[in-house]
Amino acid sequence: QKSFSIQQGRSVRVDAYVEGEEDTVFNVEIQKSNDTNHVKRARYNAACITVKRSEPGDRFDDIQELYIVYITDFDQFKSGLSAYHVEPCIKETGEFVDNGLHQIYINAHGRDGSRISRLMKHFNEPDFSDEEFPKISDKVHRLKHDKKERVGMCKAVEDYANKRGIQNYIEATLEYSDLSEDKIIEKVVNRFNI
């Protein structure tokens with residue numbers, strides 16, 4: 001997970017952020033509720049990531065390749081597909097335009113017979129098991145039934161929740177306060193008994 005703050009005061013927290021080789025960036029988002037315009041949200045996230053990874057004087061040729069992967073519990077485009085690859089094109093010619101942004105929308109409701117469709121049918125299953133996906137099935141089984149794995153996962157989730165709580169508190173304090181950095185740190189230390 002990674003947060004990006006923009007000068008205008010708005011910030012973005014992405015679910016998974018990975019920097020790959022050759023200056024390629026991946027942002028993976030998982031959304032269960034269809035409560036906003038997720039296509040525009042993906043565009044906004046892409047813009048924030050691009051701005052935050054750019055330096056003054058960078059050439060536009062050097063802007064990173066960015067892949068936004070949006071996994072949802074609903075079919076964003078309502079065409080029955082499991083995956084939609086959204087790339088810019090020239091309307092008049094249908095020619096692809098490579099601007100470095102690649103958007104992939106994957107959903108749990110597409111039933112197009114693809115491998116992604118077969119995997120995503122398990123999106124909401126509490127105990128995933130499928131011979132076609134043995135590594136994922138095994139990992140889910142171990143996380144659910146192996147005490148050592150479960151304890152490790154619970155600890156990771158707890159650490160994540162504490163870290164996110166502290167981050168949210170710091171961001172809220174910074175956004176709505178004229179306190180000095182030292183005062184904010186003092187408040188965080190007291191609030192979370194650090």
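User: What pattern does the protein chain follow along the sequence?

Analyst: The order is β-β-β-β-α-β-β-β-α-α-α-α. That comes to 5 helices and 7 strands. Keep in mind that this is a predicted model.

User: How much of the protein chain counts as buried?

Analyst: Of its 194 residues, 26% do. The cut-off is a relative accessible area under 20%. As for contacts with a separation of 6 or more, 50% of them join residues 24 or more positions apart.

User: Why is Asn27 called buried?

Analyst: Its relative accessibility is 0%. Buried means under 20%. Therefore Asn27 counts as buried.

User: Where does Asn27 lie, and what is it in contact with?

Analyst: Asn27 sits in strand β4, residues 24-31. Beyond its neighbours within four places in sequence, Asn27 is in contact with Val14, Asp15, Ala16, Asn45, Ile49, Tyr67, Ile68 and Val69.

User: What makes the pairing of Asn27 with Glu29 a polar contact?

Analyst: The two side chains come to 2.8 Å. The limit for such a pair of N or O atoms is 3.5 Å. The value falls within the limit, so the label applies.

User: Why is Asp98 called exposed?

Analyst: Exposed means over 50%. Asp98 has a relative accessible area of 52%. That is over the cut-off, so Asp98 is exposed. Asp98 belongs to the loop between β6 (83-86) and β7.

User: What does the side chain of Asp98 reach?

Analyst: The backbone nitrogen of Gly100, at 3.1 Å. Asp98 can also be placed against Glu65: the two are 33 residues apart along the chain, and their C-alpha atoms are separated by 9.6 Å.

User: And Lys78, buried or exposed?

Analyst: Exposed, because its relative accessible area is 66% and the cut-off is over 50%. Lys78 is found in the loop between β5 and β6. Its phi is positive, about 55°, although Lys78 is not a glycine.

User: Which residues touch the most other members of the largest nonpolar core?

Analyst: Ile49, Leu66 and Ile68, out of 13 residues in that core. At least two residues come from each of β2 (11-14), α1 (38-52) and β5. The top contributor is α1, with 4 residues.

User: What is Leu66 in contact with, leaving aside its neighbours within four places in sequence?

Analyst: Val25, Ala46, Ile49, Thr50, Gly100, Leu101 and His102. Another core, of 7 residues, lies apart from the largest one. Its members include Val69, Ile71, Ile106 and Met120.

User: How do you know that there is a cavity?

Analyst: Rolling a probe the size of a water molecule over the atoms shows where empty space is left. To be a cavity, a space must hold a 1.4 Å probe that cannot get out. By this rule the count is 1 cavity of 30 Å³ or more. The largest cavity holds about 30 Å³ of space.

User: Which residues line the largest cavity?

Analyst: Tyr70, Thr72, Asp75, Gln76, Tyr84, Tyr105, Ile106 and Asn107. Two or more of the lining residues come from each of β5 (65-72) and β7 (101-107). The biggest share is from β7, with 3 residues.

User: How does that lining divide by residue type?

Analyst: Into 4 nonpolar, 3 polar and 1 charged. Tyr counts as nonpolar here.

Technical notes:
Residues are numbered from 1 along each chain as its sequence is written. This is a predicted model: local features need pLDDT of at least 70, side-chain atom pairs count only at pLDDT 80 or more; totals for chains, interfaces and linings use all residues. Side-chain values use heavy atoms; hydrogens and water are left out. On a 1 Å grid over the protein atoms alone, a cavity is a set of points where a 1.4 Å probe fits but cannot get out, and a pocket is an open set with protein on both sides within 12 Å along at least five of seven lines; lining residues have an atom within 4 Å of a point. Grid points are joined across faces, edges and corners, and a volume is the space filled by probe spheres set on the points. Buried means under 20% relative accessible area, exposed over 50%, partly exposed in between (1.4 Å probe, protein chains only). A polar contact is a pair of N or O atoms within 3.5 Å; within protein, one must be able to donate a hydrogen and the other to accept it, and residues adjacent in sequence count only if both atoms are side-chain atoms. Contact means heavy atoms within 4.5 Å. A nonpolar core is a set of buried Ala, Val, Leu, Ile, Met, Phe, Trp, Tyr and Cys residues joined through side-chain atoms within 4.5 Å.
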